[in-house]
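Trainee: I have this one open on my screen. Can you walk me through the sheets?
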Amino acid sequence: MKKYLLSTALMAAIATAAGAHTIDGIVKDQKTGEPLIGSVVEVKELPGVKTTTDLDGSFRLHELPDRGRYTLVVRYLAYKTREVPVEVSDTGSVTITLDEDVRRFGEAVVTGHRNSRTDISAISLEKNAGNVLNVMSQQSIQLSPDVNVAAVLQRVSGVTLEQSASGEASYAILRGMDKRYNYTLVNGVKIPSPDDKNRYIPLNIFPSDLMDRIVVSKSLTADMEGDAAGGVVDMVMKDAPSRFELQANGAVGMSDYFWNGNRHYLSTDRGHATAKAPYEAFGSQYAATAADFKHGPAQVKSQSVPAPNFVGGLSVGNRFFQRPPGRDAGRQCAEHLPRHRAHVQCRKDGIG
């Protein structure tokens with residue numbers, strides 16, 4: 001019985017293979033005669049039968065009935081789709097030629113935009129500069145927890161910060177040179193010092209959220225002043241955007257130091273504090289008493305769970321008056337003009 005079933009299955013397979021037919025062909029360009037590699041060839045009447053051309057443009061379709069007339073659909077990128085009727089019983093190779101799908105446009109306008117806020121732009125500035133530069137992009141500034149420019153510069157190689165009288169990092173020291181050998185720029189313009197005795201500028205008075213990038217130049221060039229022997233710190237501020245822009249960022253952090261060993265630390269109730277002195281609240285004639293002062297900062301308590309650190313920033317920008325010509329203005333100009341005159345007219349208006 002098993003031999004009988006095996007023989008029947010073998011004979012059915014041989015009959016199916018004998019009844020199947022194969023179509024060979026090649027796909028070429030109509031003008032040049034070059035083979036079109038990767039063309040898709042499928043049978044219109046049999047959606048499941050399809051193939052692609054090889055490196056020489058040839059193809060082979062299997063498992064077709066030995067009789068009948070079918071339509072081959074040939075597709076290739078940038079060429080017109082062609083349908084070719086073939087007879088399965090015919091012998092020989094089928095040669096199919098395709099015509100280019102040529103479309104004429106009046107013009108093509110390519111507009112480029114450079115984003116100066118990314119790390120890629122900062123690396124490009126360092127690479128193409130004629131002197132030694134270190135650039136901190138806005139992207140890197142936003143990822144760091146630093147709230148002022150002085151704290152950001154601590155992350156630049158070759159830059160150290162000198163502390164002010166309050167113990168906060170304030171003055172930049174470039175390449176080991178004292179702070180009096182460096183000067184500070186804002187958008188390429190030298191700014192005076194707020195100190196009437198010293199000309200160097202404390203950098204902790206500038207919020208980092210206002211920076212588009214920070215450029216630190218460590219070598220003296222001909223266009224710099226003579227007091228740039230140590231280096232120059234150029235703070236490039238954010239420019240007014242062409243449209244309304246709202247940008248917010250925040251970061252939360254907590255140290256695992258307090259979670260190990262059940263460590264405790266001392267804290268006070270900062271919310272229960274005196275906002276105004278009795279002199280400011282009630283006038284100079286008022287006689288202050290102990291009840292006028294809140295005792296929150298004076299009460300010290302022990303805690304084992306520390307509060308997390310939070311750093312946040314919010315930046316809102318818009319241009320209200322004269323808007324500079326740019327991508328938006330060019331697009332608006334093109335929308336109100338015919339397609340074949342848009343580019344010329346926009347360039348005439350100083351937009352393109």
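Mentor: Terms to begin with: two strands pair if DSSP finds at least two bridges between them. Helices (H or I, at least four residues) and strands (E, at least two) are DSSP runs, numbered from the N terminus. This is a predicted model, in which local features need pLDDT of at least 70, side-chain atom pairs count only at pLDDT 80 or more, and totals for chains, interfaces and linings use all residues. Residues are numbered from 1 along each chain as its sequence is written, and side-chain values use heavy atoms, with hydrogens and water left out.

Trainee: OK. What is the order of the open sheet of four strands?
Mentor: β3-β2-β5-β6, with antiparallel pairing. β3 (50-52) and β6 (82-87) are the edge strands, each pairing on one side only. From one strand to the next the twist averages 25°, where axes are lines fitted to C-alpha atoms, for helices over the stretch in contact, and angles run from 0 to 180 degrees between N-to-C directions.

Trainee: How many bridges between β2 and β5?
Mentor: Four, in the antiparallel sense, between residues 40-43 and residues 69-75. V40 has R75 of β5 as its bridge partner.

Trainee: Now the open sheet of five strands. Which order there?
Mentor: β8-β13-β14-β11-β12, and the pairing is mixed. β8 and β12 (189-190) are at the edges with a single partner strand each, so one side of each has no neighbour in the sheet.

Trainee: And how does β14 pair with β13 and β11?
Mentor: β13 (residues 211-217) pairs with β14 (residues 231-237) in the antiparallel sense over six bridges. V216 is opposite V233, and R213 is opposite V236. β11 (residues 182-186) runs parallel to β14, joined by five bridges, with L185 opposite D234.

Trainee: Why is β14 largely enclosed?
Mentor: Because six of its seven residues are buried. Buried means under 20% relative accessible area, exposed over 50%, partly exposed in between (1.4 Å probe, protein chains only).

Trainee: What lies across β8 and β13?
Mentor: Helix α2 (residues 119-128), running at about 170° to β8.

Trainee: Switching to N134: buried or exposed?
Mentor: N134 is buried, at a relative accessible area of 17%. N134 belongs to strand β8 (residues 133-137).

Trainee: Which residues is N134 in contact with?
Mentor: Leaving aside neighbours within four places in sequence, the contacts of N134 include E126, V156, I214 and K218; contact means heavy atoms within 4.5 Å. The side chains of N134 and K218 are also joined by a polar contact of 2.6 Å. That term covers a pair of N or O atoms within 3.5 Å; within protein, one must be able to donate a hydrogen and the other to accept it, and residues adjacent in sequence count only if both atoms are side-chain atoms.
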